[in-house]
Amino acid sequence: MPTADKPLIARTYAIATAAFLSLVIVSSAFAADIGDERRAELAYMFEQDCGSCHGLSMKGGLGSPLLPEIMADRDDETLIHIILEGVPGTPMPPWKMLLSRDDAVWLVQLIRKGR
Ligand code: HEC
């Protein structure tokens with residue numbers, strides 16, 4: 001059976017899958033340069049360590065809320081800088097001893113996604 005005779009739905013599905021895969025490949029080119037294992041460690045750290053101040057659902061506690069709608073006002077560089085250097089004079093500690101810049105980039109993506 002020639003391809004053109006395939007049901008429209010099957011062709012639509014194939015096109016959608018191809019479009020989705022190319023999107024994943026393109027977007028990952030801009031993602032932080034870290035592996036899956038490190039991402040899992042960071043997600044855990046985000047919940048346990050960052051969450052201990054910012055709240056398990058990032059709605060705030062001792063630390064300010066890190067909700068995506070609030071973070072939308074801040075640019076990536078500001079957030080990366082705060083995570084690595086902390087905010088002097090406040091309880092927000094610098095994390096650069098534990099986190100690379102790529103780690104911080106990925107955490108900012110996690111914050112923007114929300115939870
Ligand atoms: C000991 C408590 C504490 C921990 C742990 C902590 N933070 Fe914070 N964080 C704060 C406080 C307090 C502020 C608000 C500082 C200020 O007044 O500007 C803050 C601010 C921030 C901001 C800026 C928010 C804004 O509104 O601009 C970001 C981003 C942030 N923290 C990310 C993190 C991440 C990521 C972690 C974990 C790696 C983390 N914090 C761990 C206390 C904490």
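**Reading a core and a ligand shell**

User: Which helices each supply at least two residues of the shell around the ligand?

Analyst: Helix H2 (36–54) and helix H4 (76–85) each do so; helices are DSSP runs of H or I with at least four residues, numbered from the N terminus. H2 gives the largest share, five residues. This is a predicted model, in which local features need pLDDT of at least 70 and side-chain atom pairs count only at pLDDT 80 or more, while totals for chains, interfaces and linings use all residues. Residues are numbered from 1 along each chain as its sequence is written.

User: How many residues surround the ligand, and which are the closest?

Analyst: A residue is near a molecule if its C-beta atom, placed from the backbone, lies within 6 Å of it. Here 20 residues surround the ligand, the closest being Cys50, Cys53, Gly63, Thr90 and Met92.

User: Which residues form the largest nonpolar core?

Analyst: A nonpolar core is a set of buried Ala, Val, Leu, Ile, Met, Phe, Trp, Tyr and Cys residues joined through C-beta atoms within 7 Å. Buried means that 20 or more other C-beta atoms lie within 10 Å of the residue's own, exposed 12 or fewer, and partly exposed in between. In this model the largest such core has ten residues: Leu42, Met58, Leu66, Ile83, Ala104, Val105, Trp106, Leu107, Val108 and Ile111. Helix H5 (residues 101–113) contributes the largest share, six residues.

User: Why does Ala72 count as exposed?

Analyst: Ala72 counts as exposed because it has 9 C-beta neighbours inside 10 Å. Ala72 sits in the loop between helix H3 (68–71) and H4.
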